[in-house]
Amino acid sequence: MAGWPDDDHPREECGVVGVHLRPGAEGDVAGLVQVGLFALQHRGQESCGICAASPAELRIEKDMGLVAEVFTEERLDELRFEGARTGIGHTRYSTTGSSLRFNAQPLTVRSNKGLLALAHNGNFTNARAIRDAMLTAGAVFQTTNDSEVMINLVARYAELTLEDATARVMGELEGGFAVVLMDRRRLIGLRDRNGVRPLVIGEFDGGHVIASEPAALAVVGARFLRDVRPGELVVVDDDGLHARQVLEPEPTPCAFEWIYFARGDGVLDGADVHASRVRMGEILATEAPADADLVVGVPESGLAAALGYARASGIPFDLGLHKSPYAGRSFIAPNARLRDQKVRLKLAPTQSVVGRRVVLVDDSIVRGTTSGRIVQLLRDAGATEVHFRVSSPPIRFPCYYGIDTAARQELAAATMTVDEIRERIGADSLSFISEAGLARAIAVGRTCLACFDGNYPAGHPGDDLGKEGLDEQGELFRSVTAPFTGT
Ligand code: SF4
């Protein structure tokens with residue numbers, strides 16, 4: 001699952017969830033959205049928000065912080081009101097748009113289609129160009145995140161219904177994204193034609209849920225119905241669930257959902273996340289065997305692959321690293337010495353590694369800094385050899401579809417050979433799973449592998465967007481977003 005801010009891991013941008021209650025169903029729509037967001041907290045820890053609506057009214061609360069910090073009972077009560085049956089929620093870690101309160105989602109607007117709220121996961125790679133053209137034509141923007149570009153585009157088609165306008169806009173936006181959108185009567189979910197970011201549908205007695213991952217369905221008591229298909233638009237209203245295939249699907253979902261981001265208890269696009277991770281380890285063991293006594297996974301993200309490596313190699317698996325659950329976000333380490341201390345606060349070797357030749361398995365190496373510290377931890381504890389195995393291929397290119405993989409020049413594998421990385425992290429040997437091996441482990445057909453091979457299946461923003469997104473105006477706005485209530 002996604003890590004804390006100074007972990008050396010790629011970071012997911014966002015999680016989204018939407019709920020629509022059937023007419024006459026008893027239910028607390030804001031409470032259900034909140035519970036769904038709890039299950040998606042690993043997809044973003046910087047800000048969160050919930051929007052709830054009745055046919056007469058729409059309200060929103062959003063702020064910086066974790067779901068548990070922002071949504072106190074008092075605050076949630078503001079979103080519990082007569083007739084509220086539709087709601088969406090968002091949890092965010094930003095890569096596009098600075099991490100300011102006004103960029104928190106959902107985004108709400110009053111438009112020619114009434115009050116709308118939108119929350120998205122991923123990036124629109126042509127948002128900058130569309131936004132510039134709209135600014136030239138006189139449009140105004142309140143935020144620097146690209147959700148606002150989408151909602152403006154939807155509003156531009158005044159003659160179309162919300163559903164038709166949204167379908168039209170799906171064809172104009174490029175990139176990798178999953179969106180939940182609502183007005184006061186309906187909930188809409190959609191995925192880009194490549195299905196880069198996940199989105200699933202669930203049903204319960206009281207209505208429907210649309211969310212980034214199945215984890216958010218289970219917690220509200222919904223059963224998994226199916227994934228939203230790449231290029232599909234799904235609408236839930238008082239007539240139930242209906243869907244249309246707007247764009248010709250070209251599925252290339254993000255491989256990193258299975259490597260690291262998604263919760264291990266889920267199934268995405270038909271592929272079991274945990275089982276895929278175990279298979280990555282098994283394949284890694286055949287591609288990169290090691291002469292060793294013990295297989296250790298870096299908790300939590302490397303454990304499933306380590307289990308697979310142990311099974312396939314016959315080398316015993318053990319919990320060689322204890323992870324403290326209490327050393328988290330509160331400890332921001334400003335220099336190398338403190339960052340080293342932070343790794344020691346979070347991870348402590350167990351006695352099982354003393355005098356052993358250890359295979360250490362992790363899901364990825366981004367900059368290589370944390371990996372080197374963990375190798376040193378094991379050596380200091382008495383491991384005689386450390387053989388590092390990675391269940392993703394080397395990350396050489398940045399992601400433009402909503403994942404913060406760091407800028408290209410910071411990526412260890414973009415500037416160093418595997419042996420140079422091995423030397424930097426101080427391991428006795430270092431191997432990454434191959435791209436073909438990864439594809440076999442995930443088994444969903446084609447996936448996006450752009451951060452490994454540089455082939456961007458859903459378009460590339462060019463150098464103008466880079467990793468900065470729409471940030472350049474972010475510093476101009478330090479306003480506080482007031483709660484939005486209206487009809
Ligand atoms: S570039 Fe990498 S992280 Fe980004 S969507 Fe593709 S596989 Fe996922």
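The structure is a predicted model.

The sheet is open and has six strands, in the order E6-E7-E8-E9-E13-E14, with antiparallel pairing. Strand E6 (107-111) and strand E14 (240-245) stand at its edges; each has a single partner strand, so one side of each is left without a neighbour in the sheet. On average, neighbouring strands of this sheet are turned by 20 degrees against each other, direction ignored.

Inside this order, strand E8 (residues 175-182) pairs with strand E9 (residues 187-191) in the antiparallel sense, over five bridges. Ala 178 has Arg 191 in E9 as its bridge partner.

Along the chain Gly 122 and Ala 178 are 56 residues apart, yet their C-alpha atoms are separated by 6.5 Å. Gly 122 counts as buried because it has 31 C-beta neighbours inside 10 Å, and a residue is buried at 20 or more. If its neighbours within four places in sequence are left aside, the contacts of Gly 122 include Gly 175, Gly 176, Phe 177 and Ala 178. Among its other contacts are Glu 13, Val 196, Arg 197, Tyr 401 and Gly 402.

The ligand is the last topic. It is surrounded by 13 residues, of which the closest are Cys 254, Cys 399, Cys 448, Ala 450 and Cys 451. At least two residues of this shell come from helix H8 (255-261), and at least two from helix H16 (450-453). By type, the shell around the ligand holds twelve nonpolar residues, one polar residue and no charged ones.

Key: Residues numbered from 1 in each chain as written. Predicted model: local features only at pLDDT ≥ 70, side-chain atom pairs only at ≥ 80, totals over all residues. Near = placed C-beta within 6 Å. Helix = DSSP H or I, 4+ residues; strand = E, 2+ residues; numbered from the N terminus. Nonpolar A, V, L, I, M, F, W, Y, C, P; charged D, E, K, R; others polar. Buried ≥ 20, exposed ≤ 12 C-beta atoms within 10 Å, placed from the backbone. Contact = placed C-beta atoms within 7 Å. Pairing = 2+ DSSP bridges. Axes fitted to C-alpha atoms, helices over the stretch in contact; angles between N-to-C directions.
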